[in-house]
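Biologist: Could you walk me through this one slowly? I am still new to reading structures.

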Amino acid sequence: MRLNNIIIIASMFLYFTSCNKEEVMTETFYYDVYSSKMEVVAYYETLSTTKEKVRVDTIRRYNLEGDEKEKRIEKYIVSKDTLYKIDFNNNKYPYLIIDDQNCNLIDRNNEIKTCLLKRKDSLIFTEQTLITDGVKRKLTFDKSFNLIENEYLDGYLSYYKITRRETKPSILSK
């Protein structure tokens with residue numbers, strides 16, 4: 001009788017622990033990259049994999065012929081009100097902070113001023129590098145801190161705009 005109870009308890013333990021597997025969520029986003037003439041000059045594909053609160057984005061840049069030109073991997077920790085970026089040495093630092101009252105100065109190798117402009121269906125920030133090139137841009141994210149749009153506003157770079165698409169570019173379907 002005792003052996004049967006032990007087997008039943010062990011079986012229940014194994015059943016419940018196997019049900020608590022870590023949930024992994026994967027999403028793919030596609031983006032158009034626009035020039036100053038508002039012509040599409042490239043595409044981005046972001047494969048975003050989230051396990052617990054850690055998100056790994058594999059970002060590929062393609063030319064108009066569909067050839068991969070660049071690949072990079074970025075790691076983040078997503079919390080309710082802050083997106084943290086994890087650098088190559090596994091150090092984390094705030095990347096974006098949802099703060100309705102104040103702009104925030106964040107040190108990401110350069111001092112950057114971020115301001116939340118709007119928070120409703122999406123999160124809209126302005127970001128300005130204060131030291132080197134003075135680039136100011138408008139960043140729009142969804143509620144999970146996935147990029148919707150990145151637009152150059154001012155500074156010492158040529159104009160660009162990156163906008164999320166609803167569908168995969170046909171050139172990448174080959």
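Biologist: How many residues lie between S2 and S3 in their hairpin?
Modeller: Two residues lie between S2 and S3, and Glu52 in that turn has a positive phi of about 60°. This is a predicted model, where local features need pLDDT of at least 70 and side-chain atom pairs count only at pLDDT 80 or more, while totals for chains, interfaces and linings use all residues. Residues are numbered from 1 along each chain as its sequence is written, and side-chain values use heavy atoms, with hydrogens and water left out.

Biologist: And how many bridges join S2 and S3?
Modeller: S2 pairs with strand S3 (residues 54-62) in the antiparallel sense over nine bridges, and Thr46 has Ile59 in S3 as its bridge partner. Strands here are DSSP runs of E with at least two residues, numbered from the N terminus, and two strands pair if DSSP finds at least two bridges between them.

Biologist: What about S1 and S2, how do they pair?
Modeller: Strand S1 (residues 24-34) and strand S2 (residues 40-51) are antiparallel, with 11 bridges, and Tyr30 stands opposite Glu45 in S2. These two strands also form a hairpin, this one with five residues between them, and Met38 in the turn has a positive phi of about 60°.

Biologist: Which order do the strands take in the sheet?
Modeller: The open sheet has 12 strands in the order S6-S5-S4-S3-S2-S1-S12-S11-S10-S9-S8-S7, with antiparallel pairing. S6 and S7 are at the edges and have a single partner strand each, so one side of each is left without a neighbour in the sheet.

Biologist: New topic: which cysteines does the disulfide join?
Modeller: The disulfide, meaning a pair of cysteine sulfur atoms within 2.5 Å, joins Cys103 to Cys115, with an S to S distance of 1.9 Å. Cys103 lies in the loop between strand S6 (92-97) and strand S7 (104-107), whereas Cys115 is in strand S8 (residues 111-119), so the pair ties together parts that are 12 residues apart in sequence.

Biologist: Why is that disulfide called right-handed?
Modeller: The torsion about the S-S bond of Cys103 and Cys115 is about 115°, and therefore the disulfide is right-handed.

Biologist: Is Cys115 buried or exposed?
Modeller: Cys115 counts as buried, at 11% relative accessibility, while Cys103 is partly exposed, with a relative accessible area of 40%. Buried means under 20% relative accessible area, exposed over 50%, and partly exposed in between, using a 1.4 Å probe and protein chains only.

How values were computed. Helix = DSSP H or I, 4+ residues; strand = E, 2+ residues; numbered from the N terminus.
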